[in-house]
Amino acid sequence: MAKDQDHIYMQYALQLAKKGIGKTHPNPMVGCVIVYQNRIIGQGWHHKAGTPHAEVNAINAVDNKKWLKKAALYVTLEPCCHFGKTPPCTALILKMGIPKVIVGSRDANPLVAGKGIELLRAQGCEVVESVLETQCRLLNRAFFTFHEKKRPHIILKWAESADGFIAPKIEHRKKNQVYWLTGALAQQKAHQWRSQFAAILIGVQTLIDDDPLLTLRKWPGKTPQRCVIDPNHRAPTNASIFNEGGTVFYFTKTTNKQLQNAKQFLLPFKNPIQEVLQVLYQQNCISLLVEGGAKTLQSLIDQQMWDEIYKLKASKNLESGIAAPVTDISFEEQETLGEDIFYSATRNDSKAL
């Protein structure tokens, strides 16, 4: 019975944690509930990086702090034990005399990585681990990828026609204008995804063909860090992405002095994808959405440098054009968006456990 209760309370903590989707990176999403005599007396989640953690918010929400000395604290991720932008949660848990802590998953950040649990146990606090661990890791899969694989969590995204093309031939398109294969619902979904990522990446050919902004216009939230790969300075200086405000990460071989609002990273381009990922890791970008073009997407697929793929399948045929990436990956249907369908795939070694 106690195990069932643990699952129920941890499931609720997970629901709280999801309130932070798209708002907490580079920190993980964390939810916390505090239970006294079989009822929840406090709850909280991590709202934004640099603000109080879930445990602090849950403890602050408890009306009678005396209850904490006989309460159980459920948290989706191991409490931190180091000083960052906020004080360590373990110190507050111990100060308030909470006798039992139930943890969903251990923290992958080397500053914590089991140390928080060890500290609590050393001070006499009972700690139960791995309650709904798979679900807890899945929620923060980008955070775990970043710390365990030392690179951003990579999602490849594209839309393709019913007959397998991602865009018409360039001569059949209006110059410097995005060609929409999908309808309004799918477009809104794509912007929702953008709001959940730390960075977004395109190759220079997509910049030339589509002149995209890569901002959020169809969904509320913060625009991810925009990135362009352009080793040979093919980017138009009047491209909208460089002239609409905000800094763009620009990956190239030599300095391009003509570009505005570009933070330039000079790379040897012996292995462009690996080099870009290393820079993004150093810049603390825990997740990366790759939106094109076909060459960039195919390169990542060929090198197996991806964790998930989001594919939007449109209902219309193009009959000719730029072919969608070639892959033998098995996709699962996820959602119908008007006349379009959203499919996804996850690498086996990128699944929660």
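What share of the contacts in the protein chain with a separation of 6 or more comes from residues 24 or more positions apart?

1. **Contacts.** The share is 67%. Contact means heavy atoms within 4.5 Å.

2. **Ground rules.** This is a predicted model; local features need pLDDT of at least 70, side-chain atom pairs count only at pLDDT 80 or more, and totals for chains, interfaces and linings use all residues. Residues are numbered from 1 along each chain as its sequence is written, and side-chain values use heavy atoms, with hydrogens and water left out.

3. **Overall build.** The protein chain has eleven helices and 16 strands. These are DSSP runs, numbered from the N terminus: helices are H or I with at least four residues, strands are E with at least two. The C-alpha atoms fill a box of roughly 70 × 45 × 30 Å along the principal axes. Of the 353 residues, 52% count as buried. Buried means under 20% relative accessible area, exposed over 50%, and partly exposed in between (1.4 Å probe, protein chains only).

4. **Main core.** The largest nonpolar core has 33 residues. Such a core is a set of buried Ala, Val, Leu, Ile, Met, Phe, Trp, Tyr and Cys residues joined through side-chain atoms within 4.5 Å. Residues with the most contacts inside this core include L156, W158, F251 and V290. Several elements each supply at least two of its residues, among them β6 (153-160), α10 (272-282) and β12 (287-292). The largest share, five residues, comes from α10.

5. **A look at V290.** Leave aside neighbours within four places in sequence. V290 then touches I154, I155, L156, K157, L201, T296, L297 and L300, all by contact.

6. Another core lies apart from the largest one. It has 26 residues, including V30, V62, A71 and V75.

7. **S105.** This residue sits in strand β4 (residues 100-105). S105 is buried, at 2% relative accessible area. Beyond neighbours within four places in sequence, its contacts include T76, E78, E133 and R137.

8. **Cis peptide bonds.** One joins H25 and P26, with omega about 15°. P26 lies in the loop between α1 (2-17) and β1 (31-36). Another runs from G292 to G293, with omega near 0°. G293 is in the loop between β12 and α11.

9. **Positive phi.** Q37 is not a glycine, yet its phi is positive, about 50°. Q37 lies in the loop between β1 and β2 (39-45) and counts as exposed, at 62% relative accessibility. N261, also a residue other than glycine, has phi near 55°. N261 is in the loop between β10 and β11 (262-266) and is partly exposed, at 38%.
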